[in-house]
Amino acid sequence: NSSEFIPKCRSCRRQAREQSGEGDHHEGMSSDEELTPTEVDEFQKSKDNVLEDSRKIFEDVHADFCDIRKILLKFQEWKEKLPDSYCDAYISFCLPKLLNPLIRVQLISWNPLEQNFTELEEMPWFRAIEEFSDAENISESK
């Protein structure tokens, strides 16, 4: 019977933890979910490597083309100077695909499960897009 097996396994693991002196187990959490200090160190090293690599992604790109606010300003200028061309290019459909890689790089280190995480609405890229959208709505209403 599998229902009898599960409590026995739990009690065996509980006894093993008590005998080994491990007191940091949280009841209700599977021991499979607990990471060893070695695994935590390996994860942190891997995470640090990814973050370091992410900082290098746009280092050879001109500042005008890796800053979301500057990119959106160029599109805003295009829309104001050549509105017909801007509409014919379906820019509103292209912007999400264009900005996606830039936003993803900025979100690599974002973790909403951390206690002191930054809300998406407070991030600079979000505000830039919000301002661009507001400016676009104002110009459309004119």
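Two salt bridges are present in the structure, a salt bridge being a side-chain nitrogen of Lys or Arg within 4 Å of a carboxyl oxygen of Asp or Glu. The model is predicted: local features need pLDDT of at least 70, side-chain atom pairs count only at pLDDT 80 or more, and totals for chains, interfaces and linings use all residues. Residues are numbered from 1 along each chain as its sequence is written, and side-chain values use heavy atoms, with hydrogens and water left out.

Side chains of opposite charge can pair when their charged atoms come close. Arginine 69 belongs to helix α3 (residues 68-81) and glutamate 131 to helix α6 (residues 124-141), so the pair ties together parts that are 62 residues apart in sequence. Helices are DSSP runs (H or I, at least four residues), as are strands (E, at least two), and both are numbered from the N terminus. Accessibility was classed by relative accessible area: buried is under 20%, exposed is over 50%, and partly exposed lies in between (1.4 Å probe, protein chains only). Arginine 69 is partly exposed at 36%. Glutamate 131 is also partly exposed, at 44%.

A salt bridge also links the side chains of glutamate 52 and arginine 55, at 3.1 Å from N to O. Both residues lie in helix α2, three residues apart, or about one turn of the helix. Glutamate 52 is partly exposed at 38%. Arginine 55 is exposed at 56%.

Serine 54 counts as buried because its relative accessibility is 10%. Its side chain reaches the backbone oxygen of leucine 51 at 2.7 Å. Leaving aside neighbours within four places in sequence, serine 54 is in contact with Val105 and Ile108, where contact means heavy atoms within 4.5 Å. Aspartate 48 is also located in α2. Its relative accessibility of 38% makes aspartate 48 partly exposed. Aspartate 48 and serine 109 are 61 residues apart in sequence, yet their C-alpha atoms are 9.5 Å apart in space.

The aromatic residues form five pairs. Rings of Phe, Tyr and Trp (its six-membered ring) pair if their centres lie within 6.5 Å; planes under 30 degrees apart are stacked, over 60 edge-to-face, and the rest tilted. Tryptophan 125 and phenylalanine 126 make an edge-to-face pair, 5.8 Å centre to centre with 75 degrees between the planes. Tryptophan 125 is buried at 10% relative accessible area. Phenylalanine 126 is partly exposed at 26%. One aromatic cluster is formed by Phe75, Trp78 and Tyr86. Tyrosine 86 lies in helix α4 (residues 83-88). With a relative accessible area of 4%, tyrosine 86 is buried. Its C-alpha atom is separated by 9.3 Å from that of glutamine 76, ten residues away along the chain.

Most residues other than glycine have a negative phi. Tyrosine 90 is exposed at 52% relative accessibility.

Helix α5 (residues 91-107) has 17 residues and should span 24 Å at 1.5 Å a residue; its end C-alpha atoms are 24 Å apart, which agrees. The expected span is 1.5 Å times one less than the number of residues. Helix α5 bends by about 40 degrees at asparagine 100, and proline 101 follows within four residues. The bend is the angle between axes fitted to the seven residues ending at a residue and the seven starting there. The buried residues of α5 are Ile91, Leu95, Leu99, Leu102 and Ile103.

Overall, the protein has six helices and zero strands. Its pattern along the sequence is α-α-α-α-α-α. Of its 142 residues, 15% count as buried. Among contacts between residues at least 6 apart in sequence, 55% join residues at least 24 apart.

Note on methods: A polar contact is a pair of N or O atoms within 3.5 Å; within protein, one must be able to donate a hydrogen and the other to accept it, and residues adjacent in sequence count only if both atoms are side-chain atoms.
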